[in-house]
Amino acid sequence: CAAALSQSGGGPALLQLVHHDIEDAAVKVVRKYITDMELAKSCAAPPMHSTKTKQKSEFEVSIEQLNEKLDGIALIMQHTESYDRFVRHKARELEKMDQLQTQILPVQTKLNEALAELGGFFTLLEQNQLGISLAKALEMDDLPDSAQAAIKTGDLASL
């Protein structure tokens, strides 16, 4: 592939052009996913509720919703990382073949920035998932309400 790019006369310039177009499209996809899946809202949602009171906030998310969002984020990040490794490998091959002193692709790209934002949402959603799982486990153990409240608020010292 690198030899074909180099022989085409486009070499590094062609790879930069193709990467730029792909990156722009991929960043749009990532941003649309963040918006469509309402990740900011899901991260801000109170993750825990008591099944004893049966009261649930309209903004709360279920463990199933969190799993779906986490799976989607993981898939996007895996595919994007595969693309990034592939294109950077091809860029290194071209740099070696053409004996270039400069890098074809920048170290940090717009796609990397979009994925860092997506990774932040992944971390927060995972934290919410852990909170829901912890709340369910505590309710199954039937701990006193004061102990459950302390754990839900993070005030573990009062236990």
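What is on the screen is a predicted model, in which local features need pLDDT of at least 70 and side-chain atom pairs count only at pLDDT 80 or more, while totals for chains, interfaces and linings use all residues. Residues are numbered from 1 along each chain as its sequence is written, and side-chain values use heavy atoms, with hydrogens and water left out.

Select the whole chain to begin. Its secondary structure comes to six helices and zero strands, where helices (H or I, at least four residues) and strands (E, at least two) are DSSP runs, numbered from the N terminus. Of its 159 residues, 36% count as buried, a word that means under 20% relative accessible area, whereas exposed means over 50% and partly exposed lies in between (1.4 Å probe, protein chains only). Among the contacts (heavy atoms within 4.5 Å) with a separation of 6 or more, 72% are between residues 24 or more positions apart.

Next, select residues 11-36, which form helix α2 and include I22. Then pick out L14, L17, V18 and I22, which make a nonpolar surface patch of about 300 Å²; such a patch is made of residues with over 30% relative accessible area and no salt bridge, with nonpolar side chains (Val, Leu, Ile, Met, Phe, Trp, Tyr) joined within 5 Å. A salt bridge, for its part, is a side-chain nitrogen of Lys or Arg within 4 Å of a carboxyl oxygen of Asp or Glu. I22 counts as partly exposed because its relative accessibility is 36%.

Move on to A40, which you will find in helix α3 (residues 39-44). A40 has a relative accessibility of 49% and therefore counts as partly exposed.

Now select N128, in helix α5 (residues 110-141). Is N128 buried or exposed? With a relative accessible area of 7%, N128 is buried, and its side chain reaches the backbone oxygen of S42 at 3.2 Å.

For the last stop, select residues 63-97, the 35 residues of helix α4, which reaches 51 Å from its first C-alpha to its last, close to the 51 Å expected; the expected span is 1.5 Å times one less than the number of residues. Just after α4, look at Q99, which takes a positive phi of about 50 degrees.

Note on methods. Patches are made of residues with over 30% relative accessible area and no salt bridge: like charges are joined within 9 Å, nonpolar side chains (Val, Leu, Ile, Met, Phe, Trp, Tyr) within 5 Å. Accessible areas come from the Shrake-Rupley method with a 1.4 Å probe; for residues, only the protein chains shown count as cover. A polar contact is a pair of N or O atoms within 3.5 Å; within protein, one must be able to donate a hydrogen and the other to accept it, and residues adjacent in sequence count only if both atoms are side-chain atoms.
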